[in-house]
Amino acid sequence: MAMIASKCPDITVTVVDMNAARIAAWQSDKLPIYEPGLAAVVSGALGRNLHFSTDVVGAIKAADIIFVSVNTPTKTYGVGAGRAADLRYIESVARTIAEHASGEKIIVEKSTIPVKTADAIRTILASNGNGLKFQVLSNPEFLAEGTAVADLTNPDRVLIGGERTPEGEKAMQQLVEVYARWVARDRIITTNLWSSELSKLVANAFLAQRISSINSISALCEATGADVDEVANAIGKDSRIGPKFLKSSVGFGGSCFQKDILNLTYLCESFGLPEVASYWNQVVTMNDWQKSRFTARIIKQLFNTVADKKIAVLGFAFKKDTNDTRESAAINVCRELLTEHANVCVYDPKVPAAEITADTLGPGQMNSRLTVAPDAYAACAGAHAIAVVTEWDEFKKLDFARIFAGMPKPAFVFDGRNILDLDALRKIGFCASGIGKPSA
Ligand code: UDX
(Lines give C-alpha, C1' and ligand atoms only; values in the text may rest on other atoms or scores of the structure.)
Protein backbone atom coordinates (compact mmCIF):
# COMPACT_ATOMS: atom_id res chain seq x y z
CA MET A 1 0.00 0.00 0.00
CA ALA A 2 2.93 2.30 0.72
CA MET A 3 4.25 1.62 -2.78
CA ILE A 4 0.87 2.44 -4.36
CA ALA A 5 0.76 5.67 -2.33
CA SER A 6 4.30 6.51 -3.34
CA LYS A 7 3.71 5.90 -7.07
CA CYS A 8 0.21 7.41 -7.24
CA PRO A 9 0.18 10.75 -5.34
CA ASP A 10 -3.41 11.41 -6.48
CA ILE A 11 -4.75 8.24 -4.82
CA THR A 12 -5.50 8.39 -1.11
CA VAL A 13 -4.38 5.20 0.62
CA THR A 14 -5.62 4.54 4.15
CA VAL A 15 -4.26 1.50 5.97
CA VAL A 16 -6.53 0.41 8.81
CA ASP A 17 -6.03 -2.15 11.53
CA MET A 18 -7.77 -2.84 14.83
CA ASN A 19 -4.34 -3.05 16.49
CA ALA A 20 -3.67 0.52 17.67
CA ALA A 21 -0.06 -0.17 18.67
CA ARG A 22 0.74 -1.40 15.19
CA ILE A 23 -0.95 1.59 13.53
CA ALA A 24 1.06 3.92 15.82
CA ALA A 25 4.29 2.10 14.98
CA TRP A 26 3.75 2.58 11.24
CA GLN A 27 3.69 6.35 11.84
CA SER A 28 6.76 6.37 14.09
CA ASP A 29 10.49 6.34 13.36
CA LYS A 30 10.64 2.61 14.05
CA LEU A 31 8.47 0.62 11.65
CA PRO A 32 7.09 -2.64 13.03
CA ILE A 33 9.00 -4.70 10.46
CA TYR A 34 12.57 -4.50 9.17
CA GLU A 35 12.64 -4.30 5.39
CA PRO A 36 15.45 -2.57 3.47
CA GLY A 37 14.26 0.67 1.79
CA LEU A 38 10.74 0.53 3.21
CA ALA A 39 11.14 3.38 5.71
CA ALA A 40 11.91 5.83 2.88
CA VAL A 41 8.88 4.71 0.85
CA VAL A 42 6.57 5.10 3.86
CA SER A 43 7.95 8.44 5.04
CA GLY A 44 7.82 9.85 1.49
CA ALA A 45 4.05 9.42 1.33
CA LEU A 46 3.07 9.55 5.01
CA GLY A 47 0.64 12.36 5.75
CA ARG A 48 0.48 13.24 2.03
CA ASN A 49 -1.68 10.46 0.59
CA LEU A 50 -0.71 7.59 2.89
CA HIS A 51 -2.58 7.45 6.18
CA PHE A 52 -2.73 4.92 9.00
CA SER A 53 -5.82 4.67 11.16
CA THR A 54 -7.82 2.44 13.49
CA ASP A 55 -11.10 3.76 12.07
CA VAL A 56 -11.94 0.63 10.09
CA VAL A 57 -15.58 1.58 9.52
CA GLY A 58 -14.77 5.13 8.38
CA ALA A 59 -12.21 3.85 5.90
CA ILE A 60 -14.64 1.25 4.49
CA LYS A 61 -17.26 3.95 3.94
CA ALA A 62 -14.79 6.29 2.21
CA ALA A 63 -13.02 3.76 -0.06
CA ASP A 64 -13.70 2.93 -3.70
CA ILE A 65 -11.34 -0.05 -3.61
CA ILE A 66 -10.76 -2.15 -0.48
CA PHE A 67 -7.72 -4.44 -0.27
CA VAL A 68 -8.29 -7.30 2.16
CA SER A 69 -4.85 -8.06 3.59
CA VAL A 70 -5.59 -10.02 6.75
CA ASN A 71 -3.63 -13.12 7.68
CA THR A 72 -4.74 -16.60 6.65
CA PRO A 73 -2.77 -18.87 8.99
CA THR A 74 -2.86 -22.65 8.84
CA LYS A 75 -5.85 -23.97 10.77
CA THR A 76 -4.88 -25.36 14.16
CA TYR A 77 -8.20 -27.00 15.00
CA GLY A 78 -11.01 -29.07 13.53
CA VAL A 79 -11.34 -30.23 9.93
CA GLY A 80 -8.14 -29.63 7.95
CA ALA A 81 -6.13 -28.78 11.10
CA GLY A 82 -2.44 -28.34 10.28
CA ARG A 83 -3.07 -27.89 6.56
CA ALA A 84 -6.15 -25.90 5.54
CA ALA A 85 -6.15 -22.11 5.68
CA ASP A 86 -8.04 -20.50 8.54
CA LEU A 87 -10.42 -18.11 6.81
CA ARG A 88 -12.07 -16.59 9.84
CA TYR A 89 -10.34 -13.21 9.43
CA ILE A 90 -11.33 -13.06 5.76
CA GLU A 91 -14.93 -13.81 6.62
CA SER A 92 -14.97 -11.27 9.42
CA VAL A 93 -13.68 -8.55 7.06
CA ALA A 94 -16.30 -9.47 4.44
CA ARG A 95 -19.03 -9.14 7.06
CA THR A 96 -17.68 -5.80 8.29
CA ILE A 97 -17.59 -4.47 4.74
CA ALA A 98 -21.13 -5.73 4.06
CA GLU A 99 -22.38 -4.08 7.25
CA HIS A 100 -20.82 -0.65 6.75
CA ALA A 101 -20.37 -0.07 3.02
CA SER A 102 -22.68 2.67 1.81
CA GLY A 103 -21.89 2.47 -1.92
CA GLU A 104 -20.64 -0.02 -4.48
CA LYS A 105 -17.04 -1.12 -3.98
CA ILE A 106 -14.31 -3.20 -5.50
CA ILE A 107 -13.03 -5.75 -2.98
CA VAL A 108 -9.51 -7.01 -3.69
CA GLU A 109 -8.21 -10.22 -2.10
CA LYS A 110 -4.57 -9.49 -1.29
CA SER A 111 -4.24 -12.21 1.34
CA THR A 112 -3.12 -15.60 0.08
CA ILE A 113 -6.21 -17.78 0.13
CA PRO A 114 -7.46 -21.13 -1.13
CA VAL A 115 -9.11 -21.28 -4.53
CA LYS A 116 -12.80 -20.30 -4.52
CA THR A 117 -12.55 -17.99 -1.50
CA ALA A 118 -13.87 -15.17 -3.69
CA ASP A 119 -17.11 -17.14 -3.90
CA ALA A 120 -17.48 -17.06 -0.13
CA ILE A 121 -16.73 -13.34 0.04
CA ARG A 122 -19.23 -12.67 -2.75
CA THR A 123 -21.94 -14.72 -1.06
CA ILE A 124 -21.46 -12.97 2.28
CA LEU A 125 -21.55 -9.56 0.61
CA ALA A 126 -24.60 -10.45 -1.48
CA SER A 127 -26.50 -11.80 1.52
CA ASN A 128 -25.78 -8.87 3.83
CA GLY A 129 -24.95 -5.88 1.65
CA ASN A 130 -28.31 -4.02 1.47
CA GLY A 131 -28.56 -4.79 -2.23
CA LEU A 132 -25.26 -3.03 -3.04
CA LYS A 133 -23.16 -4.50 -5.86
CA PHE A 134 -19.60 -5.52 -5.11
CA GLN A 135 -16.95 -6.76 -7.50
CA VAL A 136 -14.46 -9.18 -5.97
CA LEU A 137 -10.98 -9.29 -7.51
CA SER A 138 -7.97 -11.47 -6.70
CA ASN A 139 -4.60 -9.69 -6.70
CA PRO A 140 -2.04 -11.95 -5.03
CA GLU A 141 1.26 -10.53 -3.82
CA PHE A 142 4.51 -12.05 -5.06
CA LEU A 143 7.08 -9.91 -3.23
CA ALA A 144 9.73 -11.68 -1.18
CA GLU A 145 10.84 -10.42 2.22
CA GLY A 146 14.20 -8.70 2.30
CA THR A 147 13.74 -7.52 -1.31
CA ALA A 148 10.17 -6.26 -0.99
CA VAL A 149 10.79 -2.69 -2.16
CA ALA A 150 12.75 -3.77 -5.24
CA ASP A 151 10.18 -6.49 -6.02
CA LEU A 152 7.31 -4.00 -5.80
CA THR A 153 9.14 -1.33 -7.78
CA ASN A 154 9.94 -3.71 -10.60
CA PRO A 155 7.67 -6.76 -10.38
CA ASP A 156 8.04 -9.73 -12.76
CA ARG A 157 4.28 -9.53 -13.09
CA VAL A 158 1.15 -8.18 -11.43
CA LEU A 159 -1.72 -10.65 -11.45
CA ILE A 160 -5.34 -9.55 -11.34
CA GLY A 161 -8.20 -12.03 -11.47
CA GLY A 162 -11.85 -11.15 -11.83
CA GLU A 163 -15.19 -12.24 -13.18
CA ARG A 164 -15.35 -12.46 -16.94
CA THR A 165 -18.48 -10.28 -17.06
CA PRO A 166 -18.68 -6.63 -18.27
CA GLU A 167 -18.77 -5.46 -14.61
CA GLY A 168 -15.87 -7.76 -13.68
CA GLU A 169 -13.77 -6.60 -16.65
CA LYS A 170 -14.45 -2.97 -15.71
CA ALA A 171 -13.34 -3.55 -12.11
CA MET A 172 -10.18 -5.34 -13.28
CA GLN A 173 -9.43 -2.44 -15.59
CA GLN A 174 -9.68 0.02 -12.69
CA LEU A 175 -7.07 -1.93 -10.76
CA VAL A 176 -4.90 -2.33 -13.87
CA GLU A 177 -4.87 1.49 -14.14
CA VAL A 178 -3.47 1.78 -10.60
CA TYR A 179 -0.50 -0.53 -11.28
CA ALA A 180 0.02 0.80 -14.81
CA ARG A 181 1.32 4.05 -13.27
CA TRP A 182 4.66 2.29 -12.81
CA VAL A 183 4.43 -1.27 -14.16
CA ALA A 184 4.67 -1.99 -17.92
CA ARG A 185 1.31 -3.11 -19.33
CA ASP A 186 2.66 -6.39 -20.62
CA ARG A 187 3.58 -7.34 -17.07
CA ILE A 188 0.04 -6.83 -15.79
CA ILE A 189 -1.86 -10.06 -16.37
CA THR A 190 -5.62 -10.42 -16.05
CA THR A 191 -7.20 -13.85 -15.62
CA ASN A 192 -10.35 -15.37 -14.28
CA LEU A 193 -10.69 -15.36 -10.51
CA TRP A 194 -9.80 -19.00 -9.93
CA SER A 195 -6.65 -18.91 -12.08
CA SER A 196 -5.41 -15.93 -10.11
CA GLU A 197 -6.12 -17.48 -6.72
CA LEU A 198 -4.51 -20.77 -7.74
CA SER A 199 -1.46 -19.18 -9.39
CA LYS A 200 -0.27 -17.75 -6.09
CA LEU A 201 -0.23 -21.17 -4.42
CA VAL A 202 1.34 -22.79 -7.47
CA ALA A 203 4.11 -20.17 -7.78
CA ASN A 204 5.14 -20.76 -4.17
CA ALA A 205 4.88 -24.54 -4.58
CA PHE A 206 7.16 -24.45 -7.65
CA LEU A 207 9.72 -22.23 -5.91
CA ALA A 208 9.77 -24.43 -2.81
CA GLN A 209 9.99 -27.52 -5.00
CA ARG A 210 13.21 -26.23 -6.58
CA ILE A 211 14.75 -25.81 -3.13
CA SER A 212 13.66 -29.28 -1.97
CA SER A 213 14.94 -30.75 -5.23
CA ILE A 214 18.42 -29.28 -4.85
CA ASN A 215 18.41 -30.10 -1.13
CA SER A 216 17.66 -33.74 -1.91
CA ILE A 217 20.68 -33.71 -4.22
CA SER A 218 22.81 -32.13 -1.48
CA ALA A 219 22.52 -35.38 0.50
CA LEU A 220 23.68 -37.34 -2.53
CA CYS A 221 26.58 -34.91 -3.00
CA GLU A 222 27.73 -35.48 0.56
CA ALA A 223 27.60 -39.24 -0.03
CA THR A 224 29.53 -39.13 -3.30
CA GLY A 225 31.98 -36.24 -3.01
CA ALA A 226 30.19 -34.04 -5.55
CA ASP A 227 29.71 -30.34 -4.69
CA VAL A 228 26.08 -29.18 -4.73
CA ASP A 229 26.97 -25.60 -5.74
CA GLU A 230 28.88 -26.94 -8.74
CA VAL A 231 25.95 -29.17 -9.68
CA ALA A 232 23.49 -26.25 -9.27
CA ASN A 233 25.68 -24.04 -11.40
CA ALA A 234 26.00 -26.69 -14.10
CA ILE A 235 22.28 -27.42 -14.34
CA GLY A 236 21.28 -23.76 -13.91
CA LYS A 237 23.15 -22.81 -17.09
CA ASP A 238 20.52 -24.75 -19.00
CA SER A 239 18.17 -21.92 -19.92
CA ARG A 240 15.21 -24.28 -19.49
CA ILE A 241 16.15 -24.78 -15.85
CA GLY A 242 17.63 -21.35 -15.02
CA PRO A 243 19.95 -20.42 -12.14
CA LYS A 244 17.59 -19.02 -9.48
CA PHE A 245 16.32 -20.78 -6.36
CA LEU A 246 18.90 -23.54 -6.58
CA LYS A 247 20.81 -22.56 -3.46
CA SER A 248 21.00 -25.59 -1.23
CA SER A 249 20.42 -24.76 2.42
CA VAL A 250 19.49 -26.02 5.86
CA GLY A 251 15.90 -25.86 4.59
CA PHE A 252 13.44 -23.22 3.47
CA GLY A 253 11.45 -21.24 6.01
CA GLY A 254 9.18 -18.22 5.98
CA SER A 255 5.49 -17.65 6.38
CA CYS A 256 4.54 -18.74 2.85
CA PHE A 257 6.12 -21.85 1.38
CA GLN A 258 5.11 -24.51 3.85
CA LYS A 259 1.73 -22.95 4.56
CA ASP A 260 0.85 -22.62 0.89
CA ILE A 261 1.94 -26.15 -0.04
CA LEU A 262 -0.03 -27.64 2.84
CA ASN A 263 -2.95 -25.60 1.69
CA LEU A 264 -2.48 -26.79 -1.88
CA THR A 265 -2.34 -30.43 -0.84
CA TYR A 266 -5.45 -29.98 1.27
CA LEU A 267 -7.23 -28.45 -1.71
CA CYS A 268 -6.16 -31.36 -3.94
CA GLU A 269 -7.53 -33.86 -1.45
CA SER A 270 -10.76 -31.91 -1.11
CA PHE A 271 -11.17 -32.11 -4.87
CA GLY A 272 -10.51 -35.88 -4.86
CA LEU A 273 -6.93 -35.74 -6.16
CA PRO A 274 -4.83 -37.65 -3.58
CA GLU A 275 -2.00 -38.40 -6.06
CA VAL A 276 -1.52 -34.69 -6.74
CA ALA A 277 -1.64 -33.96 -3.03
CA SER A 278 1.03 -36.52 -2.17
CA TYR A 279 3.27 -35.29 -5.01
CA TRP A 280 3.39 -31.77 -3.55
CA ASN A 281 3.45 -32.94 0.04
CA GLN A 282 6.83 -34.51 -0.66
CA VAL A 283 8.30 -30.99 -1.00
CA VAL A 284 7.51 -30.34 2.67
CA THR A 285 8.63 -33.82 3.75
CA MET A 286 12.01 -33.29 2.06
CA ASN A 287 12.36 -29.88 3.73
CA ASP A 288 11.65 -31.32 7.19
CA TRP A 289 14.21 -34.03 6.54
CA GLN A 290 16.82 -31.49 5.41
CA LYS A 291 16.41 -29.48 8.64
CA SER A 292 16.74 -32.60 10.81
CA ARG A 293 19.63 -33.92 8.72
CA PHE A 294 21.60 -30.76 9.52
CA THR A 295 21.16 -31.16 13.27
CA ALA A 296 21.77 -34.90 13.14
CA ARG A 297 25.10 -34.24 11.44
CA ILE A 298 26.14 -31.77 14.15
CA ILE A 299 25.35 -34.33 16.84
CA LYS A 300 27.09 -37.16 15.01
CA GLN A 301 30.27 -35.20 14.37
CA LEU A 302 30.38 -34.00 17.98
CA PHE A 303 30.99 -37.63 18.96
CA ASN A 304 27.28 -38.41 19.21
CA THR A 305 26.65 -36.14 22.16
CA VAL A 306 26.02 -32.44 22.50
CA ALA A 307 24.81 -32.65 26.11
CA ASP A 308 26.15 -29.67 28.09
CA LYS A 309 28.18 -28.49 25.10
CA LYS A 310 27.77 -24.90 23.95
CA ILE A 311 26.60 -24.61 20.34
CA ALA A 312 26.61 -21.17 18.69
CA VAL A 313 23.71 -20.68 16.29
CA LEU A 314 24.43 -17.80 13.92
CA GLY A 315 21.19 -16.40 12.53
CA PHE A 316 17.62 -16.90 13.61
CA ALA A 317 15.67 -15.16 10.81
CA PHE A 318 14.35 -17.40 8.02
CA LYS A 319 16.63 -15.60 5.54
CA LYS A 320 18.92 -12.60 5.53
CA ASP A 321 17.75 -8.98 5.49
CA THR A 322 14.59 -9.64 7.47
CA ASN A 323 13.77 -9.95 11.15
CA ASP A 324 11.00 -12.44 10.39
CA THR A 325 11.43 -15.78 12.14
CA ARG A 326 8.26 -17.54 11.03
CA GLU A 327 8.96 -21.20 10.16
CA SER A 328 12.68 -20.42 10.27
CA ALA A 329 14.93 -23.47 10.01
CA ALA A 330 16.73 -22.06 13.08
CA ILE A 331 13.70 -22.96 15.18
CA ASN A 332 14.00 -26.65 14.29
CA VAL A 333 17.76 -26.66 14.70
CA CYS A 334 17.60 -25.04 18.16
CA ARG A 335 14.72 -27.24 19.26
CA GLU A 336 16.51 -30.45 18.30
CA LEU A 337 19.79 -29.35 19.90
CA LEU A 338 17.99 -28.41 23.12
CA THR A 339 16.27 -31.78 23.14
CA GLU A 340 19.77 -33.28 23.16
CA HIS A 341 20.59 -31.05 26.17
CA ALA A 342 22.97 -28.74 24.30
CA ASN A 343 23.50 -25.19 25.57
CA VAL A 344 22.35 -23.16 22.58
CA CYS A 345 23.57 -19.58 22.18
CA VAL A 346 21.90 -17.64 19.35
CA TYR A 347 22.98 -14.43 17.65
CA ASP A 348 21.00 -12.68 14.92
CA PRO A 349 21.75 -9.15 13.68
CA LYS A 350 18.10 -8.11 13.41
CA VAL A 351 15.85 -10.45 15.37
CA PRO A 352 15.14 -8.93 18.81
CA ALA A 353 16.37 -11.09 21.71
CA ALA A 354 12.85 -11.13 23.14
CA GLU A 355 11.73 -13.17 20.13
CA ILE A 356 14.37 -15.85 20.56
CA THR A 357 12.72 -17.63 23.44
CA ALA A 358 11.58 -21.08 24.44
CA ASP A 359 8.08 -19.97 23.42
CA THR A 360 9.23 -19.47 19.84
CA LEU A 361 10.65 -22.96 19.86
CA GLY A 362 7.46 -24.54 21.10
CA PRO A 363 6.27 -26.17 24.28
CA GLY A 364 8.52 -28.15 26.58
CA GLN A 365 11.82 -26.44 25.79
CA MET A 366 14.44 -25.96 28.49
CA ASN A 367 14.82 -22.20 28.36
CA SER A 368 17.72 -22.18 30.82
CA ARG A 369 19.82 -23.80 28.08
CA LEU A 370 18.83 -21.18 25.47
CA THR A 371 20.67 -17.85 25.53
CA VAL A 372 21.00 -14.91 23.17
CA ALA A 373 24.34 -13.20 22.50
CA PRO A 374 24.85 -9.51 21.59
CA ASP A 375 27.22 -10.38 18.72
CA ALA A 376 28.69 -13.34 16.85
CA TYR A 377 31.95 -13.32 18.83
CA ALA A 378 30.13 -13.59 22.14
CA ALA A 379 27.96 -16.39 20.73
CA CYS A 380 31.00 -18.38 19.57
CA ALA A 381 33.19 -17.84 22.65
CA GLY A 382 33.72 -21.20 24.34
CA ALA A 383 31.44 -23.01 21.87
CA HIS A 384 32.22 -26.56 20.73
CA ALA A 385 30.54 -25.88 17.40
CA ILE A 386 29.17 -23.05 15.26
CA ALA A 387 26.07 -23.59 13.14
CA VAL A 388 25.41 -20.95 10.46
CA VAL A 389 21.68 -21.02 9.89
CA THR A 390 20.93 -17.65 8.23
CA GLU A 391 23.08 -16.25 5.39
CA TRP A 392 23.66 -12.77 6.86
CA ASP A 393 26.49 -10.99 5.00
CA GLU A 394 28.25 -10.08 8.26
CA PHE A 395 28.93 -13.77 8.98
CA LYS A 396 31.17 -13.95 5.90
CA LYS A 397 33.39 -11.20 7.30
CA LEU A 398 33.94 -12.62 10.79
CA ASP A 399 37.51 -13.03 12.07
CA PHE A 400 37.44 -16.83 12.29
CA ALA A 401 41.04 -17.10 13.53
CA ARG A 402 40.01 -15.03 16.56
CA ILE A 403 36.90 -17.18 17.02
CA PHE A 404 38.93 -20.40 16.71
CA ALA A 405 41.29 -19.25 19.46
CA GLY A 406 38.37 -18.99 21.88
CA MET A 407 36.84 -22.42 21.23
CA PRO A 408 37.56 -25.86 22.77
CA LYS A 409 39.23 -28.24 20.29
CA PRO A 410 38.38 -29.83 18.02
CA ALA A 411 36.37 -26.78 16.93
CA PHE A 412 33.54 -27.38 14.45
CA VAL A 413 31.77 -25.15 11.92
CA PHE A 414 28.59 -26.33 10.19
CA ASP A 415 27.70 -23.95 7.39
CA GLY A 416 23.98 -24.43 6.72
CA ARG A 417 24.04 -21.79 3.97
CA ASN A 418 27.30 -22.46 2.13
CA ILE A 419 28.46 -18.87 2.59
CA LEU A 420 31.84 -19.56 4.22
CA ASP A 421 35.15 -20.56 2.65
CA LEU A 422 35.52 -24.09 4.04
CA ASP A 423 39.13 -24.44 2.87
CA ALA A 424 40.15 -21.25 4.67
CA LEU A 425 38.40 -22.46 7.83
CA ARG A 426 40.16 -25.81 7.60
CA LYS A 427 43.50 -24.03 7.27
CA ILE A 428 42.77 -22.22 10.53
CA GLY A 429 42.18 -25.62 12.12
CA PHE A 430 38.40 -25.94 12.10
CA CYS A 431 36.57 -29.16 11.27
CA ALA A 432 34.35 -27.43 8.72
CA SER A 433 31.45 -28.81 6.73
CA GLY A 434 28.81 -27.35 4.44
CA ILE A 435 25.58 -28.54 2.86
CA GLY A 436 26.24 -30.88 -0.06
CA LYS A 437 29.99 -30.24 0.11
CA PRO A 438 32.77 -32.83 -0.05
CA SER A 439 34.28 -33.54 3.36
CA ALA A 440 37.87 -32.54 4.10
C1 UDX B 1 8.33 -16.28 -0.93
C2 UDX B 1 8.23 -16.08 -2.45
O3 UDX B 1 9.56 -15.96 -2.99
C4 UDX B 1 7.42 -14.83 -2.76
O5 UDX B 1 7.24 -14.70 -4.17
C6 UDX B 1 6.06 -14.94 -2.09
O7 UDX B 1 5.32 -13.76 -2.31
C8 UDX B 1 6.23 -15.18 -0.60
O9 UDX B 1 7.03 -16.35 -0.37
P10 UDX B 1 9.77 -15.23 1.03
O11 UDX B 1 9.20 -16.32 1.88
O12 UDX B 1 9.75 -13.84 1.55
O13 UDX B 1 9.05 -15.19 -0.39
O14 UDX B 1 11.32 -15.56 0.75
P15 UDX B 1 12.14 -16.42 -0.33
O16 UDX B 1 13.24 -15.56 -0.84
O17 UDX B 1 11.28 -17.03 -1.34
O18 UDX B 1 12.82 -17.54 0.58
C19 UDX B 1 12.05 -18.55 1.24
C20 UDX B 1 12.98 -19.51 1.94
O21 UDX B 1 13.70 -20.30 1.00
C22 UDX B 1 14.04 -18.85 2.81
O23 UDX B 1 14.20 -19.59 4.01
C24 UDX B 1 15.28 -18.92 1.96
O25 UDX B 1 16.46 -18.87 2.71
C26 UDX B 1 15.09 -20.25 1.27
N27 UDX B 1 15.80 -20.39 0.00
C28 UDX B 1 15.52 -19.56 -1.05
C29 UDX B 1 16.75 -21.40 -0.15
O30 UDX B 1 17.01 -22.17 0.78
N31 UDX B 1 17.39 -21.54 -1.36
C32 UDX B 1 17.12 -20.73 -2.43
O33 UDX B 1 17.74 -20.93 -3.49
C34 UDX B 1 16.17 -19.71 -2.27
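Guide: Let's settle one term before we start: two residues are in contact here if their C-beta atoms, placed from the backbone, lie within 7 Å. Also keep in mind that this is a predicted model.

With that cut-off, look at where α9 meets α11: Leu201, Asn204, Ala205 and Ala208 on the α9 side meet Phe257, Asp260, Ile261, Asn263 and Leu264 on the α11 side. By class, that contact has six nonpolar, two polar and one charged residues. The two helices pack at an angle of about 115 degrees, their axes 9 Å apart, and the crossing is left-handed.

Now follow α11, which covers residues 257-270, over to α12, residues 274-301. This pair packs at about 165 degrees, with 7 Å between the axes. An angle over 145 counts as roughly antiparallel, so that is how α11 runs relative to α12. Their crossing is left-handed. From α11, the contact uses Gln258, Ile261, Leu262, Leu264, Thr265, Cys268 and Glu269. From α12 come Pro274, Val276, Ala277, Trp280, Asn281, Val283 and Val284. Sort those residues by class and you get ten nonpolar, three polar and one charged. Ile261 and Leu264 turn up here, and they also belong to the contact with α9.

Back to α9, residues 193-224, for one last thing: this helix gives the largest share of the shell around the ligand, three residues. The ligand is surrounded by 19 residues, and the closest are Lys247, Ser249, Phe252, Gly254 and Cys256. That shell has eleven nonpolar, four polar and four charged residues.

Terms used:
Residues are numbered from 1 along each chain as its sequence is written. This is a predicted model: local features need pLDDT of at least 70, side-chain atom pairs count only at pLDDT 80 or more; totals for chains, interfaces and linings use all residues. A residue is near a molecule or strand if its C-beta atom, placed from the backbone, lies within 6 Å of it. Helices (H or I, at least four residues) and strands (E, at least two) are DSSP runs, numbered from the N terminus. Ala, Val, Leu, Ile, Met, Phe, Trp, Tyr, Cys and Pro count as nonpolar, Asp, Glu, Lys and Arg as charged, and the others, Gly among them, as polar. Axes are lines fitted to C-alpha atoms, for helices over the stretch in contact, and angles run from 0 to 180 degrees between N-to-C directions. Angles under 35 degrees count as roughly parallel, over 145 as roughly antiparallel, 65 to 115 as roughly perpendicular and the rest as oblique. A crossing is left-handed if the near helix is turned anticlockwise from the far one by less than a right angle, and right-handed if clockwise.
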